[in-house]
Amino acid sequence: MLRVNLMDLDREGPVRMERDIAPDSPVWEDIEREFAGPVQLDLTISATATGQVLVQGTLDARLHRRCRRCLVDVVDEVHQELNLVWALRDDFPGGEDDEPEAEGVRTLDLTNNELDLGPALREELILAIQPYVVCTETCKGLCPVCGVNRNEETCDCTLEEPDPRWDVLRALKED
Ligand SMILES: [Zn+2]
Ligand SMILES: [Zn+2]
């Protein structure tokens, strides 16, 4: 599905690939996220004179998530610019012993004359997902005492607990 025929690429030049990849595609297997729609790919695939394969473009995904502060549902729009390089192992700058990952270069496997973009795109999506999201930067979150959503309601709770980190500073001052 996301395979590129390397012979065609060599013969016919750069290829544009615009694809919507469904959330249930095996490409996204084990990404434990709830997708709000297909993942949109807009890629240009080209081969260099030195035999490297370049993939440039964008990946856009929409995920159902929860605001970290107030827990409301949020659609997280993930946008990733892609600039991927594949090279034959012999062509890595340090020769065969060089670690491909260190250079951001992936190993080009010529078996079947095909390049499967799936695993790299999966990795790129995982890296692009932020560890948490908020509904708005100014989200006031939930009251830690009564649990109301403080964006919608105000409550009379008083937060007596001072931040324990200040205790350390206070102790230093008193010394
Ligand atoms: Zn929120
Ligand atoms: Zn409260």
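Author: Start with pairing: two strands count as paired if DSSP finds at least two bridges between them. Strands themselves are DSSP runs of E with at least two residues, helices are runs of H or I with at least four, and both are numbered from the N terminus. The model is predicted: local features need pLDDT of at least 70, side-chain atom pairs count only at pLDDT 80 or more, and totals for chains, interfaces and linings use all residues. Residues are numbered from 1 along each chain as its sequence is written, while chains are lettered from A and ligands numbered from 1 in the order in which they are written.

The protein has four helices and eight strands. From the N terminus, the order is β-α-β-β-β-β-β-α-β-β-α-α. Burial comes next. A residue is buried if 20 or more other C-beta atoms lie within 10 Å of its own, exposed if 12 or fewer, and partly exposed in between, with C-beta atoms placed from the backbone. By that count, 13% of the 175 residues are buried.

Now the core. A nonpolar core is a set of buried Ala, Val, Leu, Ile, Met, Phe, Trp, Tyr and Cys residues joined through C-beta atoms within 7 Å. The largest one holds 20 residues, and V39, L41, V53, V55, L115 and L121 touch the most other members. At least two residues each come from β4, β5, β6 and α3 (118-128). With five residues, β4 gives the most. As background, nonpolar side chains in soluble globular proteins tend to be buried together.

Take β4, residues 39-47. Its side chains alternate. V39, L41, L43, I45 and A47 point to one face and are buried.

β4 has two partners to note. Seven bridges join β2 to β4, antiparallel. I21 has V39 of β4 as its bridge partner. Eight bridges join β4 to β5, again antiparallel. Here Q40 is bridged to D60 in β5. β4 and β5 form a hairpin with five residues between them. In that turn, G51 has a positive phi of about 90 degrees.

Follow β5 onward. β5 (residues 53-66) and β6 (residues 73-87) run antiparallel and share 14 bridges. V53 pairs with W86 of β6. These two strands also form a hairpin, with six residues between them. L71 sits in the loop between β5 and β6. Its phi is positive, about 70 degrees, although L71 is not a glycine. L71 counts as partly exposed because it has 13 C-beta neighbours inside 10 Å.

On to β7, residues 105-107. Three bridges join β6 to β7, and these strands run parallel. W86 stands opposite R106 in β7.

Two residues are in contact if their C-beta atoms, placed from the backbone, lie within 7 Å. Leaving aside neighbours within four places in sequence, L115 is in contact with R3, V4, L6, V53, W86 and L108. Across the protein, 54% of the contacts between residues at least 6 apart in sequence join residues at least 24 apart.

Then the helix. In α3, L121, R122 and L125 are buried. Those residues line one face of the helix because, seen down the axis, they fall within an arc of 105 degrees. The arc is that of the directions from the helix axis to the C-beta atoms. An α-helix has 3.6 residues a turn, so residues three or four places apart point the same way. The cover over the buried residues of α3 includes β4, β5 and β6. On the other side of α3, P119, E123, I126 and L127 are exposed.

For contrast, look at the loop between β2 (15-21) and β3 (34-35), where D30 lies. D30 has a phi near 70 degrees, positive in a residue other than glycine. D30 counts as exposed because it has 7 C-beta neighbours inside 10 Å. D24 is in the loop between β2 and β3 too. With 10 C-beta neighbours inside 10 Å, D24 counts as exposed. The C-alpha atoms of D24 and F35 are 8.9 Å apart, with the two residues 11 places apart along the chain.
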